[in-house]
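Open the model in your viewer and keep the sequence panel beside it.

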Amino acid sequence: MRNAFPKLHVKNRRAVSQIMGSIVILGIVTAVGSVILFNGMDNISAFTYDLSFHEKSSNLSHREDIIFEHVRFVPGSDDIQIDLLNIGTVDSTISTITILKIDNQEIITNWIDVNQLVLIKDNQKITLDNVDNSEIELSGIVTNTWNDVKYLNSEYRISLTTTRGNFFTTVASPFNT
């Protein structure tokens with residue numbers, strides 16, 4: 001057969017070994033991978049740096065959480081005692097309280113300045129009465145108290161605002177009626 005194709009010469013060629021091929025591919029992957037890794041780390045670092053410039057109070061406002069433990073309408077008067085519990089992760093300062101009679105949208109108190117601090121995992125009692133000029137305005141026919149028929153069988157929306165701008169609300173009725 002050798003004589004059948006005299007012009008065709010078969011040369012002895014050597015191929016790249018598998019080890020050398022693996023080392024070349026590993027070098028290429030390492031070079032490209034390190035470029036991608038360092039670029040990604042720079043982007044993460046830049047993002048973290050940008051977050052550090054955001055307003056701290058805005059970040060803290062998301063960590064506020066207050067619940068109403070108990071609302072007591074003091075019998076024979078127009079006083080209200082509100083027990084609050086801070087279940088958030090930052091101290092909160094209650095700035096204002098508003099009370100609205102739900103039946104007829106009568107405003108009992110409108111943005112009363114309270115300025116009470118509620119510590120983390122602690123409760124605070126806020127008393128609204130006429131002694132400290134809390135401006136509770138009951139316009140009852142005779143007694144101007146929670147025992148008055150006009151106020152006794154109604155529900156009230158009690159809303160409070162913190163100094164960080166958060167808003168918490170609950171609905172309560174006198175003497176659990």
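In which helix is Ile 25 found? Select residues 18–51: this is helix H1, and Ile 25 is found there. Bear in mind throughout that the model is predicted.

**Stop 1**

Show the side chain of Ile 25. Is Ile 25 buried or exposed? Its relative accessibility is 51%, and because the cut-off for exposed is over 50%, Ile 25 counts as exposed.

**Stop 2: the hairpin**

Select residues 92–101, which are strand S3, and residues 106–118, which are strand S4. How many bridges join S3 to S4? There are eight, and the two strands run antiparallel. For one of the pairings, pick Ile 97; its bridge partner in S4 is Ile 112. Then move to the turn. S3 and S4 form a hairpin, with four residues between them. Gln 105 lies in this turn and has a positive phi of about 60 degrees.

**Stop 3**

Select strand S1 (66–73) and strand S5 (123–128), then strand S2 (residues 80–86). What is the order of the strands in this sheet? The order is S1-S2-S5, in an open sheet with antiparallel pairing. S1 and S5 stand at the edges; each has a single partner strand, so one side of each is left without a neighbour in the sheet. Ignoring direction, neighbouring strands here are turned by 20 degrees against each other on average.

Zoom in on S1 and S2, which pair in the antiparallel sense over seven bridges.

**Stop 3: the whole chain**

Clear the selection and colour by secondary structure. The chain has three helices and seven strands. Followed along the sequence, the pattern is α-α-β-β-β-β-β-α-β-β.

Switch to colouring by accessibility. Of the 177 residues in the chain, 32% are buried. The chain exposes about 12400 Å², and carbon and sulfur atoms supply 57% of that area.

Key. Residues numbered from 1 in each chain as written. Predicted model: local features only at pLDDT ≥ 70, side-chain atom pairs only at ≥ 80, totals over all residues. Heavy atoms only, no water. Buried < 20%, exposed > 50% of the residue type's maximum accessible area, 1.4 Å probe, protein only. Pairing = 2+ DSSP bridges. Axes fitted to C-alpha atoms, helices over the stretch in contact; angles between N-to-C directions. Areas by Shrake-Rupley, 256 points an atom, 1.4 Å probe, with all protein chains shown as cover.
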